[in-house]
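Thank you for sending this entry for comment.

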Amino acid sequence: MKILVVGGGISGISAAKVALGEKHDVTILESTPEPGGLMARIANCRVGFKTFFDEIRDNPGLTVIRDAKITKVDKNDNAFTVTLEDGQSLTADRVVIATGLSPYDPVEYKGKRVLPSLDYDAVIDQRQGELPADFNKIGFFLCVGSRGKEYPLCSSVCCSYTLREVKWTLQRAKPEITVFYNDLRFFGQEFYMEKAYRDAGVKFVRANSRYFEEDDEGVTVRYFAGGELKEDRFNYVVLAIGLRPNPQLVELSKLFGFSLNEYGFVHEKAPLQTNVEGVYVSGGALEPMNIKDSILTGFGAGLLAVR
């Protein structure tokens, strides 16, 4: 069979790996210049993605089309004909939707010293050389762009990712760190990591609102905690941004005919299956999830597609 995977992030690569292992031909459509998705943007994860992708990169049954945009889809006799923006036409027997997630853009907050978590990740990336000279006091704020009136879902990974950014920060420097949270949602060993960092002096403060005032020297933060309005000052503030559905899902749902749920993710008729015969779904196209679950759902969608 010919399997089409829409999305070249870790979940799409996982689905492709399963299909290739069963000796099927796989085409991956990646909308950006290179596969990798969000995982490849995280400094401490990009090598993991490269290693994972390298296992199938040279498989003769794999085709990867970069900068791909689907403009038309026709379905006849249980097969799909997919037309791309450059006029190229592909045929596929089964399709896996693995478009991943879209990070919330906190335009109302961000600045030179108020950084979304992925931008901060680039700052502490060891490839960037020296850290800023005034890297002395850092505040992390969770649930920015999630668990609110506009978007009520938890993004699932922000607490865990912030804990790891604290770890990566402390591996490179010893700033004073405070983590402001609504709730802490950790898993497994992360509870022990949290305790270890508390014991090491990292402060965890439950606060349900925040106000940032940035200037050339730092950021003044005002927040409510324990029923009181409080104020603190940081050199840098890191926003743990929420994860939203990939905007491409709206157009893809129209082209392939599958439904989206009330939050903009793909509606499952059954586990990992859309309501269109032959179209499966995995990873962040389903809901916010971590790398492990993205891999597992990719494996599952790949198995369903070739059975």
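The points below take these topics in turn, and they should be read with the caveat that the model is predicted.

1. On aromatic pairing in general, a pair of rings is described by the distance of the centres and the angle of the planes. The structure holds 13 aromatic pairs. One of them joins Tyr161 and Trp168, whose ring centres are 6.2 Å apart and whose planes stand at 70 degrees, so the pair is classed as edge-to-face, given that angles over 60 degrees count as such. Both partners, Tyr161 and Trp168, are buried.

2. Which residues are linked by ring pairs into a cluster? The members are Tyr109, Phe141, Phe180, Phe212, Tyr223 and Phe234.

3. Pro132 belongs to the loop that runs between helix H3 (117–124) and strand S10 (137–144). Is Pro132 buried, exposed or partly exposed? Its relative accessible area is 27%, so Pro132 is partly exposed, as this value falls between the limits of 20% for buried and 50% for exposed.

4. As for the surroundings of Pro132, this residue touches Val123 and Tyr236 when residues up to four places away in sequence are not counted. Pro132 and Ala173, which are 41 residues apart in sequence, are 10 Å apart in space, taken from C-alpha to C-alpha.

Definitions and conventions. Residues are numbered from 1 along each chain as its sequence is written. This is a predicted model: local features need pLDDT of at least 70, side-chain atom pairs count only at pLDDT 80 or more; totals for chains, interfaces and linings use all residues. Side-chain values use heavy atoms; hydrogens and water are left out. Rings of Phe, Tyr and Trp (its six-membered ring) pair if their centres lie within 6.5 Å; planes under 30 degrees apart count as stacked, over 60 as edge-to-face and the rest as tilted. Buried means under 20% relative accessible area, exposed over 50%, partly exposed in between (1.4 Å probe, protein chains only). Helices (H or I, at least four residues) and strands (E, at least two) are DSSP runs, numbered from the N terminus. Contact means heavy atoms within 4.5 Å.
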